[in-house]
Amino acid sequence: MSFAPDITELLARARADLRMGVPVVLTGEGNAALILAAETVDAARLAALREMGGKPVLAITARRAETLKARAYDGDLARVLLPSDAGLAWIEALADPADDLRVPMKGPLATAREGSAALHRVALQLTKTARLLPACLVLDLAQGARFAREHDLTLLPAEPAQKTMAAGSELHPVVAARLPMAASEAGRLHVFRPEDGAEEHYAIEIGRPDRNAPVLARLHSACFTGDVLGSLKCDCGPQLHAALGQMGAEGAGVLLYLNQEGRGIGLANKMRAYSLQDQGFDTVEANHRLGFEDDERDFRIGASILKQMGFASVRLLTNNPRKIEMMESHGIAVAERVPLKVGETAFNRAYLATKAAKSGHLL
Ligand SMILES: Nc1nc2c(ncn2[C@@H]2O[C@H](COP(=O)(O)OP(=O)(O)OP(=O)(O)O)[C@@H](O)[C@H]2O)c(=O)[nH]1
Ligand SMILES: [Zn+2]
C-alpha cells in the first residue's frame, strides 16, 4: 500500500505549483527540464534560473508566436531563446499581449530548431489547464529526479502526464439536493467533482425527466460576467435564463452548468481577451493573440455527466454545431437541435456575428 500521489494527483499538484510561481520538474525519455510559468515567475526564481547556466527558453504556442513573428519550428509551439539580458519585463511582454500594440517590435526573436520540444509541449498544456497564460520558461536538466528531490519540487513524468491530460478526468457525483427556483419549483442541483482537482461542474435537473426519451438539455459554459453581472458583451445570461425558463415551462429538462469560464481559458484570461477586444480585436483574434485556440473547452465533460445521470439522448438547446458533434461523438444522441436566440444587444452584436462567421454558429 502506498500513500504516494498517482499521476492525476501529481498533475493537480504541478498545476497548483505553477499557479503560485513554484517550478516543476518534467522528465521524459532520458531528458528532464525545469519549468516555470511565465505569468507567475518572480525575480528571485528568475535569478536562480540564470545562475544555473545553460540555455533557458520561453516556450510559447504557435498562435502567440505568429503574433510575435517568431518562427515556430516545432509546429504547434516555438522555443524562444532567452537573451542574456532578458528580465521579467521581457518575459511578460512575450507572454502577455496587453502591450503588443503599444510596443509592436518585441524581437527579433531567435527560436530553437534543434532538439526535442516534447517537454515544452507538456509544459504549455499544463499552464493552459492551470488557466494561466500559455507561456513557460524551460531549462534542460541533467539530473531531473535528483534536482527535484534537492529542491523539494514536484517531479512529473511527461508522457503519462500528457496521456492523462488528453484522456480527461473522471467525474464523480458528490451530492444532489432540491432547489426550488424562479423558473421551476421542481429543481434539483447535482454537484460533480473531477478526480484531477480541477473545477467542479453542476447539473440542474428540472422535474423528473424520462430517462428513456430525449431530454431538453442545455450545456452552459460558465460566464461570470454574463451570468452574474448581466454583462451586455455576450448573450450568456439571457441564454441561461431562457433555457431554465423553457425547461420550467415544459416541466422537465437538464441544464449543465460547466465551469469552463471563457470557453475554457479562465476568467483572468477572458478579461485579458476583453482588454484586447477594446483594442479592436474580435473574440477569436483575442484568444489567438493570447496563445489560445478559439475554444479550449473539453466537451466530454457534459457527455459524461449526462450519461452518469442516465440520459442517452437530448433535445439540445444550442446554436453551436460543435456542441452537437461533440455530444454525438461521446455517446449522447442529439435527437433535435432547439435554437436559443435571446439577448442580442448593441454591445454583443459584433461578438455574435464573429461567432457565426468564424466559429460556425447558426444564426
Ligand atoms: N475567451 C472568450 N470567452 C468568451 C467571450 N465571450 C464569452 N465567452 C465565454 O464563452 C462561453 C459561452 O458559452 P456557451 O453559452 O456555451 O456558448 P456557445 O459555445 O456559443 O454555444 P451556444 O450558446 O450553445 O450556442 C462562456 O464560457 C463565456 O464565458 C470572449 O470574448 N472570449
Ligand atoms: Zn458570456
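This is a predicted model: local features need pLDDT of at least 70, side-chain atom pairs count only at pLDDT 80 or more; totals for chains, interfaces and linings use all residues.
Visitor: How many helices and strands are in the chain?

Guide: The chain has 15 helices and 13 strands. Both are DSSP runs numbered from the N terminus: helices are H or I with at least four residues, strands are E with at least two.

Visitor: What makes the chain as compact as a globular protein of that length?

Guide: Its radius of gyration, taken over C-alpha atoms, is set against a globule rule of 2.2 Å times the number of residues to the power 0.38. For 363 residues the rule gives 21 Å, and the chain has 22 Å, which is close, so the chain is called as compact as a globular protein of that length. The C-alpha trace spans about 65 × 55 × 30 Å along its principal axes.

Visitor: Why is Leu-216 called buried?

Guide: Buried means 20 or more other C-beta atoms within 10 Å of the residue's own; 12 or fewer is exposed, anything in between is partly exposed, and C-beta atoms are placed from the backbone. Leu-216 has 23, so it is buried. Leu-216 lies in strand E10. Buried residues make up 43% of the 363 in the chain.

Visitor: Which residues is Leu-216 in contact with?

Guide: Contact means C-beta atoms, placed from the backbone, within 7 Å. Leaving aside neighbours within four places in sequence, the contacts of Leu-216 include Gln-246, Met-247, Arg-315 and Val-338. Across the chain, 66% of contacts between residues at least 6 apart in sequence join residues at least 24 apart.

Visitor: How do you know that the buried residues of H14 are on the same side?

Guide: In helix H14 (residues 321-329), the buried residues are Lys-323, Met-326 and Met-327. They cover an arc of only 100° around the axis, so they share one side of H14. The arc is that of the directions from the helix axis to the C-beta atoms. An α-helix has 3.6 residues a turn, so residues three or four places apart point the same way.

Visitor: What covers them?

Guide: The cover includes strand E10 (215-221), helix H13 (300-308), strand E12 (313-317) and strand E13 (333-338).

Visitor: Which residues does the UniProt "binding site" annotation cover?

Guide: The unreviewed entry lists, among them, Gln-239, Thr-283 and Lys-323. Such annotations may be inferred rather than shown by experiment.

Visitor: What makes Gln-239 and Thr-283 buried?

Guide: Gln-239 has 22 C-beta neighbours inside 10 Å, so it counts as buried. Thr-283 has 24 other C-beta atoms within 10 Å, so it is buried too. Gln-239 lies in helix H9 (residues 236-250), and Thr-283 in helix H12 (residues 283-290).

Visitor: Which residues come nearest to ligand 1?

Guide: A residue is near a molecule if its C-beta atom, placed from the backbone, lies within 6 Å of it. Of the 22 residues around ligand 1, Ser-221, Cys-223, Thr-318, Asn-319 and Asn-320 come nearest. The largest share of the shell, three residues, comes from H10.

Conventions
Residues are numbered from 1 along each chain as its sequence is written. Chains are lettered from A and ligands numbered from 1 in the order in which they are written. Two residues are in contact if their C-beta atoms, placed from the backbone, lie within 7 Å.
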